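The sequence and structure come first, and the notes follow by topic.

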Amino acid sequence: MGRFNLKALVILALGHLVTDIYQGALPATLPFLKDKLGLTYTMAGVILMVANFTSSVLQPIFGYYSDKKEKAILLPLGVLSAGTGFALLSLSTDYIVILFLVAISGLGIAAYHPEGYKTAHFFTGERSVTGMSVFSVGGNIGISLGPVMAIYAIRYLGFSALPIIMVPALIFTAVILHYRHMIAIPKIEHAQRHIETGSTSLGSYVSLFLVVAIVIMRSWTQLGLLTYIPFYYINYLKGDPVFAGNLVFVFLLCGAAGTLIGAPFADRWGHRFFLRLSMLLAAATLPLMFLPFVANSYLLFFVLGLQGTLLISSFSVTIVMAQRLLPKRLGVASGLMVGFAIGIGGIGVTLLGLVADRFGVPAALESIMILPAIGFLLSLIVKYKE
């Protein structure tokens, strides 16, 4: 086991932050693309579908490619591709070209994550979840910053100035190339660990499947709240849109904090125990948001902040668990957790849309409450050796 290397983890986390800026910025940019090109809502939805498929669902393929042999080039190439594809969106008036650029950006995002998580694994030392949380929180911050950066650039400089958002990608590409030797995976340790690790048992694959299912439940809950809290507060409660936007920001911010705060406890108490505890507490606190004295008051900030902290605190834990269950396929394990499972959770939000159309937004939100409970029940049957 290597030593905990904070500097290497921070550099990798900065790349994670920059890459996810472009993932978070796309939904905020979509209304401007829709107006410029005269798109229908269906065409706008296809853009998001292409983005989700290329950036998330395809991640295990990049992980498989990474596991064949170390592919450090995926780190700078991923960041550069994510930034280039997004930054050029405002320069085209052709819908097919827009889809192509979104796919280029998505593939860059998909390339960076498995290689990044695989590389970070070798610098976490014995504090595996704590180290992984340093890397993970970069992505949390990036997704939060993305919409803000895009909106401010468009508002003050105009939509045609969107290429300016390419600057972070260019800067970090230079940074990671400069530090490429410091963040390189230790070859001796990598080879030794590969030799010492036996074949993966059937039980490990079953446990991995269960952890993927838990992450799908968690992601479905998270993305469902991010999507329908604004609808619930603005359309159903007739509240202030700015207030609704602040609710989403607090949820995301507390989720990032939960990623860091929860990690040392997971290392101390055990990964499986912490996963169970976080899912149980998330399931127990979610119904509080529907209490009459909470739903239309500032207490909703506290409830959503608490929910974000509890729910997302297990983010790094599940990645470490997957990597330990599939030790010879670190890239694939990371891609399954951060890409595939989250992508499938995002697709689940479409089902919530059907519920909202048929029964109303409150019913869609109420149906979310069962998801963390399902995740908790699944966690009870996961077999995992600490």
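This is a predicted model: local features need pLDDT of at least 70, side-chain atom pairs count only at pLDDT 80 or more; totals for chains, interfaces and linings use all residues.

**Helix α1 and its ends**

- Helix α1 runs over residues 6–37, which makes 32 residues.
- From its first C-alpha to its last, α1 reaches 45 Å, close to the 46 Å expected at 1.5 Å a residue.
- At the start of α1, N5 places a side-chain oxygen within 3.3 Å of the backbone nitrogen of K7.
- Just after α1 comes G38, with a positive phi of about 65°.

- T119 belongs to helix α5, which covers residues 95–121.
- T119 has a relative accessible area of 2%, and therefore counts as buried, the limit being under 20%.
- A polar atom of the T119 side chain lies 2.7 Å from the backbone oxygen of E115.
- With neighbours within four places in sequence left aside, the contacts of T119 are L12, L75, I183 and I185.
- I104 is also placed in helix α5.
- The relative accessibility of I104 is 27%, so I104 is classed as partly exposed, between the limits of 20% and 50%.
- Leaving aside neighbours within four places in sequence, I104 is in contact with S81 and G85.
- I104 and G78 are 26 residues apart along the chain, and their C-alpha atoms are separated by 9.6 Å.

- How many cavities of 30 Å³ or more does a search of the whole structure find? The search finds one.
- The largest cavity holds about 40 Å³ of space.
- Its lining consists of L225, L226, I229, L247, V248, F251 and L304.
- Two elements, α9 (202–236) and α10 (241–269), each give two or more residues to this lining.
- Y233 is found in helix α9, and its C-alpha is 9.5 Å from that of L247, a residue 14 places away in sequence.
- L247 is itself one of the residues lining the largest cavity.
- Y233 is buried because its relative accessible area, 8%, is under 20%.

**Helix α13**

- Helix α13 covers residues 299–312, 14 residues in total.
- Its end C-alpha atoms are 20 Å apart, which agrees with the 20 Å that 14 residues should span at 1.5 Å a residue.
- Ten of the 14 residues of α13 are buried, so the helix is described as mostly covered.
- The buried residues of α13 are L300, F301, V303, L304, G305, Q307, G308, L310, L311 and I312.
- Among them is L304, a residue that also lines the largest cavity.
- F302 and P372 are separated by 70 residues in sequence and by 19 Å in space, C-alpha to C-alpha.

**Helix α17: A373**

- A373 lies in helix α17, residues 370–379.
- With a relative accessibility of 28%, A373 falls between 20% and 50% and so counts as partly exposed.
- The C-alpha atoms of A373 and M217 are 8.8 Å apart in space, while the two residues are 156 apart in sequence.

Definitions and conventions. Residues are numbered from 1 along each chain as its sequence is written. Side-chain values use heavy atoms; hydrogens and water are left out. Helices (H or I, at least four residues) and strands (E, at least two) are DSSP runs, numbered from the N terminus. Buried means under 20% relative accessible area, exposed over 50%, partly exposed in between (1.4 Å probe, protein chains only). A polar contact is a pair of N or O atoms within 3.5 Å; within protein, one must be able to donate a hydrogen and the other to accept it, and residues adjacent in sequence count only if both atoms are side-chain atoms. Contact means heavy atoms within 4.5 Å. The expected span of a helix is 1.5 Å times one less than its number of residues. On a 1 Å grid over the protein atoms alone, a cavity is a set of points where a 1.4 Å probe fits but cannot get out, and a pocket is an open set with protein on both sides within 12 Å along at least five of seven lines; lining residues have an atom within 4 Å of a point. Grid points are joined across faces, edges and corners, and a volume is the space filled by probe spheres set on the points.
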